[in-house]
Amino acid sequence: MNRYRLIIRYVVTGTLFVVVPILILLILFGKALTILMPLAHALTHKFNLTTVLGPAAVLLVSSVLILLISFLSGYFIVNGFLKQWNNKFEATLFYHFPSFQMMKYRFISEADYKKQNFWQPILLKDDKIYNIAFITDKSQPNFMSIYIPDAPKMDAGEVRYMLTKDCEYIPITMKEAMNGIRNFGKGLDPKVFSKTA
C-alpha cells in the first residue's frame, strides 16, 4: 500500500512541478508565435529570407523576434526600469504581485538597492527576540513604519508604527533579509548581532 502511495506521490509531484510548467511555457510560446507570425511573415518576404532559410523562415524569424523581445525586456528591467521606479509605483506593483519584490531584490545589487532608498532591511528587537523586518517609511520626525513579513513569502505580515526613539534594530543587507525569509531563518551570519543600531 505504501509503495502505491509513493508512486502516486511521485506522479503528482512530477506533474505539478515539471509537466504543468513545461506545458504552460509551450502554450505561451505558441501564443507568442501566433501573435508574431504576421510580422515575421512580412519581414521574411521583405528581406526574401525564404530563399536562404527555406520553408521554416517564418518560424525562425518569429522565434528570433521572441528572443529579441525577451532580451530587450530583461535589459531594460535589470539596467534601467527597475532602478528608476518611484516608490509609489513600486509599492503598487508589489501589492498586486508580491513575488515580484523578491525577484527584484535578487537581481539588483546591494549598492543599487541602497540608492533607491525604498525599504531598509533590519532585525527588529522585540523584547528578547529579533524579527526580520523592513523600515518602510522614515519621513515622519518622531515615528517610522515597520513591516514584518511572514516567512517564506513577502505577501503577508504585520505593519507597526513605532516611535523612533523606542525602535531598536540591527541593520542587515537585503540579501540577508531575503535569504532569512525564504529559508525560514537559516543561514544568518552570527556577526550580524555584533552590529550596533
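User: Is N48 buried, exposed or partly exposed?
Analyst: N48 is partly exposed, because its relative accessible area is 44%, which lies between the cut-offs of 20% and 50%. Keep in mind that this is a predicted model.
User: Where is N48 located?
Analyst: You'll find N48 in the loop between α1 and α2 (50-53).
User: What about phi of N48?
Analyst: Phi is positive there, about 55°, although N48 is not a glycine. Most residues other than glycine have a negative phi.
User: And what is phi of F184?
Analyst: F184 also isn't a glycine, and its phi is positive, near 55°. F184 sits in the segment after α7 (174-182).
User: Is F184 buried or exposed?
Analyst: F184 is exposed, because its relative accessible area is 62%, and exposed means over 50%.
User: Switching topic: which helix has S62?
Analyst: S62 belongs to helix α3, which covers residues 57-81.
User: Buried or exposed, that S62?
Analyst: S62 is buried, since its relative accessible area is 0%.
User: Which residues does S62 touch?
Analyst: Leaving out residues up to four places away in sequence, S62 touches L33, L36, M37 and A40.
User: Last one: where is H45, and is H45 buried or exposed?
Analyst: H45 is in helix α1, residues 2-46. H45 is exposed, as its relative accessible area is 53%.
User: How far apart are H45 and A57?
Analyst: They are twelve residues apart in sequence, and the C-alpha to C-alpha distance between H45 and A57 is 9.5 Å.

Terms used
Residues are numbered from 1 along each chain as its sequence is written. This is a predicted model: local features need pLDDT of at least 70, side-chain atom pairs count only at pLDDT 80 or more; totals for chains, interfaces and linings use all residues. Side-chain values use heavy atoms; hydrogens and water are left out. Helices (H or I, at least four residues) and strands (E, at least two) are DSSP runs, numbered from the N terminus. Buried means under 20% relative accessible area, exposed over 50%, partly exposed in between (1.4 Å probe, protein chains only). Contact means heavy atoms within 4.5 Å.
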